[in-house]
Amino acid sequence: MRLPKKAMLGLFLAIPLSMPAQAADVNAGEAAFRRLCAACHIVTAEGRRGVGPTVFGVVGRKAGVVEGFRYSSAKRDANLVWTPETLEPYLTNPREFMPGTTMAFAGIRNAEERVNVIAYLQTLK
């Protein structure tokens with residue numbers, strides 16, 4: 001069935017431009033997080049502190065503010081709130097996005113995996 005051009009344009013305009021090309025998979029994001037991030041970060045509000053700070057509640061939180069964690073000055077002074085839009089480039093290449101960060105992680109090169117990890121981080125509230 002062919003749709004008229006006006007109908008197709010209407011459908012196109014109804015799709016938010018910020019929407020990823022495919023839906024994120026939270027379960028795949030959790031698996032990727034466990035494989036790539038869990039050695040340093042915990043996902044609970046409290047518990048054994050790892051090499052990195054907890055990521056519980058990270059989405060919507062200002063960078064460099066988890067009490068008791070010693071951040072680099074780059075992260076403390078970043079004046080940045082973690083959102084999906086700021087996490088995307090950070091998780092792609094942390095040192096490029098935030099020069100001076102002490103996070104030793106090289107980044108998540110696979111875009112689909114990154115989107116999934118961010119979707120998982122959004123569930124940690």
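Begin by selecting the lining of the largest pocket, which by class holds 21 nonpolar, 7 polar and 4 charged residues, where Ala, Val, Leu, Ile, Met, Phe, Trp, Tyr, Cys and Pro count as nonpolar, Asp, Glu, Lys and Arg as charged, and the others, Gly among them, as polar. This is a predicted model, in which local features need pLDDT of at least 70 and side-chain atom pairs count only at pLDDT 80 or more, while totals for linings use all residues. Residues are numbered from 1 along each chain as its sequence is written, and side-chain values use heavy atoms, without hydrogens or water.

Of the 32 lining residues, H41, P53, K75, Y90 and M103 lie nearest the centre of the largest pocket. The elements giving two or more residues to this lining are α2, α4 and α6, and α4 gives the most, with 3 residues.

Next, select H41, in the loop between α2 and α3 (73–76). H41 is buried, with a relative accessible area of 15%, buried meaning under 20% (1.4 Å probe, protein chains only). A polar atom of the H41 side chain lies 2.7 Å from the backbone oxygen of P53. Not counting residues up to four places away in sequence, H41 touches F33, G52, P53, V55 and M103, a contact being heavy atoms within 4.5 Å.

Then move to α6 (residues 111–122), whose 12 residues reach 17 Å from the first C-alpha to the last, close to the 16 Å expected at 1.5 Å a residue. Among its buried residues are R114, V117 and Y120, and what covers the buried residues of α6 includes α2 (26–36) and α4 (84–92). Finish at the start of α6, where a side-chain oxygen of N110 reaches to within 3.0 Å of the backbone nitrogen of E112.

Key:
Helices (H or I, at least four residues) and strands (E, at least two) are DSSP runs, numbered from the N terminus. The expected span of a helix is 1.5 Å times one less than its number of residues. Buried means under 20% relative accessible area, exposed over 50%, partly exposed in between (1.4 Å probe, protein chains only). A polar contact is a pair of N or O atoms within 3.5 Å; within protein, one must be able to donate a hydrogen and the other to accept it, and residues adjacent in sequence count only if both atoms are side-chain atoms. On a 1 Å grid over the protein atoms alone, a cavity is a set of points where a 1.4 Å probe fits but cannot get out, and a pocket is an open set with protein on both sides within 12 Å along at least five of seven lines; lining residues have an atom within 4 Å of a point.
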